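Here are a few notes to read alongside the model. Have a look at it first, then go through the points in order.

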Amino acid sequence: MLPGPPSRNNFGSIDLSSSGLLAFPSGSSISVVDSRSLQLISTIPLPPPSSPSSNSSSSLSPFITSIRWTPLPLHRDLLSTEPSSHLLLAAADRHGRIALLDFRLKSVLLWFDQDPNPKCGIQDLCWVLSRPDSYILASIAGPSSLSLYSITSSARCFFKYDASPEFLSCIRRDPFDSRHFCVLGLKGFLLSIKVLGETEDDVAIKELHIPADCSELLRLERDAAGGSSSSAPASAVYPLYCVKFAFSPQWRHIIFVTFPRELVVFDLQYETALFSTALPRGGKFLDVLPDPNNELLYCAHLDGRLSIWRRKE
């Protein structure tokens, strides 16, 4: 029996390891399932925040909002134990905390640098190659803050970027170049970033924009004006407005972007949209996943439907 289903407060986070372990958050715990047998292997709780004042709210663990299994070549020099490389995962929560967890030991190995603005919440995480034998962790905190963390130097933050007033939605790593990744915003704002080391000067960043119809989001922004969610991440402020993208596994520089009612194919090299189509009446896009072997796109929808798209000749 699984320990409770994920809720909308878990931001739809899920990750599959190279060894077939499926991890997803349920409230403030992470469930690990064997993807072949669908058997629950373990549950890992994230400890509550430590606070000088022991009131009831601070003693509760916040919702986990993003999880990512570590890449296999990740260094273990900073760890006192010797865990298997595919049994470590990064987990982040609504209080802005990020932890590196050992699935085998069911414990936190280290905490990443805490953001000075607590309770801003983490929107998404992504591992990015920084050197031939080392990875860094990229995160979106709050509505518009991008941070890069070095694992080899006590999990410190060495790069920050503020994209305000944009709402950043998700991070994805380039399958053709593990040093390159992109960050997408709800209005089509796109960051193309390449990491060449673990200092601020080693990060090359380019700002792009994907044209899209944002009239619905503008209405939502007007309705939310004056609210107290200015420091909350995109999935908390606009839970039913999903903007996601995925790199093409077959075509270099090509990404597939889904806005709630629009599908866009964008070329990063020429910085232009190659194709755009509106979703037929009814329903909204939730996420997009390209087929690694065929020229097909699988799109999940908010109403539970799945649509399959094929490239035209």
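1. How many disulfides does a search of the whole structure find? The search finds 0, a disulfide being a pair of cysteine sulfur atoms within 2.5 Å. For Cys 126, the nearest cysteine sulfur is that of Cys 170, 9.8 Å away.

2. A word on ground rules. This is a predicted model, where local features need pLDDT of at least 70, side-chain atom pairs count only at pLDDT 80 or more, and totals for chains, interfaces and linings use all residues. Residues are numbered from 1 along each chain as its sequence is written, and side-chain values use heavy atoms, with hydrogens and water left out.

3. Cys 126 is buried, at 6% relative accessibility (buried means under 20% relative accessible area, with a 1.4 Å probe and protein chains only). Cys 120 is buried too, at 4%.

4. Strands here are DSSP runs of at least two residues, numbered from the N terminus.

5. Finally, Asp 267 sits in strand E19 (residues 262-267). Leaving aside neighbours within four places in sequence, Asp 267 is in contact (heavy atoms within 4.5 Å) with His 253, Ile 254, Thr 272 and Leu 274.

Terms used. Helix = DSSP H or I, 4+ residues; strand = E, 2+ residues; numbered from the N terminus. Buried < 20%, exposed > 50% of the residue type's maximum accessible area, 1.4 Å probe, protein only.
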